[in-house]
Amino acid sequence: MSELSRIGVAIDSDLLEKFDKLIGKRGYANRSEAFRDLIREELVEETWESPNAAVVGTVTLVYDHHVRLLSEKLTDIQHDFHPYILSTLHVHLDHDNCLEVLVVRGKAAAVKRIADTLISTKGVKHGRLTITSSGSDL
Ligand code: NI
């Protein structure tokens with residue numbers, strides 16, 4: 001870690017009160033850690049805006065495996081993009097529904113394309129790409 005810098009921030013009292021309540025609910029021990037996390041969040045978001053940036057993320061899918069050929073389609077898509085998919089987790093939620101979580105790594109544009117392709121497949125009830133960072137730049 002590089003050396004610490006101290007900054008002063010002028011902020012509206014009402015806004016600060018709301019912020020303190022929020023970070024209290026989230027379990028932050030102090031404002032500094034909450035500010036650092038907000039800054040890191042924005043830096044990660046910004047990385048994902050560069051198509052060629054190397055990124056890491058997860059794709060979460062919920063679908064009904066009884067939908068005709070859906071499981072096969074989702075598997076085919078994953079094989080098409082196999083170099084980007086590091087791992088998958090499949091949970092049978094109930095009689096009908098499956099949860100799948102994929103860990104993906106690659107260039108931002110490719111990872112987004114994989115997520116969009118899977119999530120937009122007919123029969124997928126809910127899907128989300130969660131963007132994160134390898135951590136080395138934060
Ligand atoms: Ni299942």
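Which side chains meet in a salt bridge at 2.7 Å, N to O, with arginine 40 as one partner? In this predicted model, the partner of arginine 40 is aspartate 37. Both residues belong to helix H2. They are three residues apart, so about one helical turn separates them. Salt bridges with shared partners tie Glu33, Arg36, Asp37 and Arg40 into one network. Within this group, glutamate 33 also pairs with arginine 40, with an N to O distance of 3.8 Å.

The accessibility of these residues was then examined. Aspartate 37 is partly exposed, because its relative accessibility is 26%. Glutamate 33 is partly exposed at 28%. Arginine 40 has a relative accessible area of 28% and is likewise classed as partly exposed.

Aspartate 20 is partly exposed, with 27% relative accessibility. Arginine 31 is also partly exposed, at 37%. Such pairing has a simple basis. Side chains of opposite charge can pair when their charged atoms come close.

Charge also gathers in patches on the surface. The negative patch holds Glu41, Glu42, Glu45, Glu46 and Glu49. Among them, glutamate 45 is placed in helix H2, which covers residues 31-48. The relative accessible area of glutamate 45 is 32%, so this residue counts as partly exposed. The positive patch is formed by Lys18, Lys21, Lys25 and Arg26. One of these, lysine 25, lies in helix H1, residues 13-26. Lysine 25 is exposed, because its relative accessibility reaches 74%.

Isoleucine 7 is located in the segment before H1. At 72% relative accessibility, isoleucine 7 is exposed.

Buried or exposed: how does isoleucine 114 count? Isoleucine 114 is buried, because its relative accessibility is 0%. The residue is part of helix H4, which spans residues 108-119. Its C-alpha atom is separated from that of valine 104 by 8.8 Å. Along the chain, isoleucine 114 and valine 104 are 10 residues apart.

The backbone was considered next. Leucine 69 shows a positive phi of about 65°, although this residue is not a glycine. Leucine 69 lies in a loop. That loop runs between strand S1, residues 54-64, and helix H3, residues 70-80. Leucine 69 has a relative accessible area of 42% and so counts as partly exposed.

The model also contains a nickel ion. Which residues coordinate the nickel ion? The donors are His90 through NE2, His92 through ND1 and Cys98 through SG. Their distances to the ion are 2.0 to 2.4 Å. In sequence, the donor residues follow the spacing H-x1-H-x5-C. The two histidines fall into separate accessibility classes. Histidine 90 is partly exposed, because its relative accessibility is 33%. Histidine 92 has 62% relative accessibility and is therefore exposed.

Conventions: Residues numbered from 1 in each chain as written. Predicted model: local features only at pLDDT ≥ 70, side-chain atom pairs only at ≥ 80, totals over all residues. Heavy atoms only, no water. Donors = N, O, S within 2.8 Å, 3.2 Å for Na, K, Ca; no water. Buried < 20%, exposed > 50% of the residue type's maximum accessible area, 1.4 Å probe, protein only. Patch = residues over 30% accessible without salt bridge, like charges linked within 9 Å, V, L, I, M, F, W, Y side chains within 5 Å. Areas by Shrake-Rupley, 256 points an atom, 1.4 Å probe, with all protein chains shown as cover. Salt bridge = Lys/Arg side-chain N within 4 Å of Asp/Glu carboxyl O. Lys, Arg positive; Asp, Glu negative; His and termini not counted. Charge placed at Lys NZ, Arg CZ, Asp CG, Glu CD. Helix = DSSP H or I, 4+ residues; strand = E, 2+ residues; numbered from the N terminus.
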